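Here is a short walk through one protein model. Keep the viewer open and follow along.

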Amino acid sequence: MDRPVYMTPEGLAALRTELDHLWKKERPETVAVVSWAAGNGDRSENGDYIYGKKRLREIDRRVRYLRKRIEDSVVVDPREQPDHSRVFFGATVTYVNARDEEVTIRIVGEDEAESLKGKISWISPVARALMKAGVGDVVPLRTPAGEDELEVLEISYPKS
C-alpha cells in the first residue's frame, strides 16, 4: 500500500529545482566528460570514463525518482489550514518532553525532512503523536527508551 506523497509548496519547489539542476546542468556536463573520455582510447582503464558512466547512472536514477515524486505529490499549503488551534501537516510546533526539554519542529513531507533544521516528516513517530493535538494537550510518545510525554506549548502556521 502506497501512502500519499504530501509536501509543502516549498518542498515541491525544492524538488523541481534539484531536477532542473540535474537535468540541465549536471547531466550535460557529465555526458561531455564521458564523450571526451571515450575518445581517449581504452575505456577499461580510463578513470574519467568509468567514473563518468557511474555518475550518469546516479544522475539518471535520481532524475527518475524526482520525476515520480513530483508526479505523485499532493501539495498541502499550510497557510490554507482552516484550524490553527490543532497540529496538522505544515504546522510549526513547540513542545516540552518529560525531561523538560523544549523543542520546536515543523511537520513536512518525507522528502523535505531535515531533523537538524527542525523539519520532521509527517510519518515520524513524533509528528504522528502530535497530530490533532492542541495547545496544552499532553500526548504519549513511544520511543525505544520507553514511554515519553509531549506537552504542546505553541502551534503556528505560515502567514498568507
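In which sense do S3 and S7 pair, and over how many bridges? The pairing of S3 with S7 is antiparallel and runs over five bridges. Bear in mind that this is a predicted model.

Five strands make up an open sheet with mixed pairing, in the order S5-S4-S3-S7-S6. Strand S5 (119–121) and strand S6 (138–143) are at the edges; each has a single partner strand, so one side of each lacks a neighbour in the sheet. From one strand to the next, the twist averages 45 degrees.

Follow S6 to its partner. Strand S7 covers residues 146–156, and S6 pairs with S7 in the antiparallel sense over six bridges. The two form a hairpin, with two residues between them. Thr 143 stands opposite Gly 146 in S7. Val 138 stands opposite Glu 151 in S7.

Next, the packing. In soluble globular proteins, nonpolar side chains tend to be buried together. Here the largest nonpolar core has 20 residues. Val 87, Val 93, Ile 105, Ile 107, Val 126, Leu 130 and Leu 150 have the most contacts inside it. Strand S3 (92–96), strand S4 (102–108), helix H3 (125–130), S6 and S7 each give two or more residues to this core. H3 gives the most, with four residues. Another core lies apart from this one; it has 10 residues, including Leu 12, Leu 15, Ile 59 and Leu 66.

Take Leu 150 to begin with. Setting aside residues up to four places away in sequence, Leu 150 touches Tyr 95, Val 96, Asn 97, Val 126, Leu 130, Asp 137, Val 138, Val 139 and Leu 141.

Then turn to Val 87. Where is Val 87 found? Val 87 sits in the loop between strand S2 (73–75) and S3. Why does Val 87 count as buried? The cut-off for buried is under 20% relative accessible area, and Val 87 counts as buried because its relative accessibility is 0%. Leaving out neighbours within four places in sequence, Val 87 is in contact with Val 93, Ile 107, Leu 130, Met 131, Lys 132, Ala 133, Ile 155 and Tyr 157. Val 87 and Glu 151 are 64 residues apart along the chain, and their C-alpha atoms are separated by 12 Å.

Methods. Residues are numbered from 1 along each chain as its sequence is written. This is a predicted model: local features need pLDDT of at least 70, side-chain atom pairs count only at pLDDT 80 or more; totals for chains, interfaces and linings use all residues. Side-chain values use heavy atoms; hydrogens and water are left out. Two strands pair if DSSP finds at least two bridges between them. Axes are lines fitted to C-alpha atoms, for helices over the stretch in contact, and angles run from 0 to 180 degrees between N-to-C directions. A nonpolar core is a set of buried Ala, Val, Leu, Ile, Met, Phe, Trp, Tyr and Cys residues joined through side-chain atoms within 4.5 Å. Buried means under 20% relative accessible area, exposed over 50%, partly exposed in between (1.4 Å probe, protein chains only). Contact means heavy atoms within 4.5 Å.
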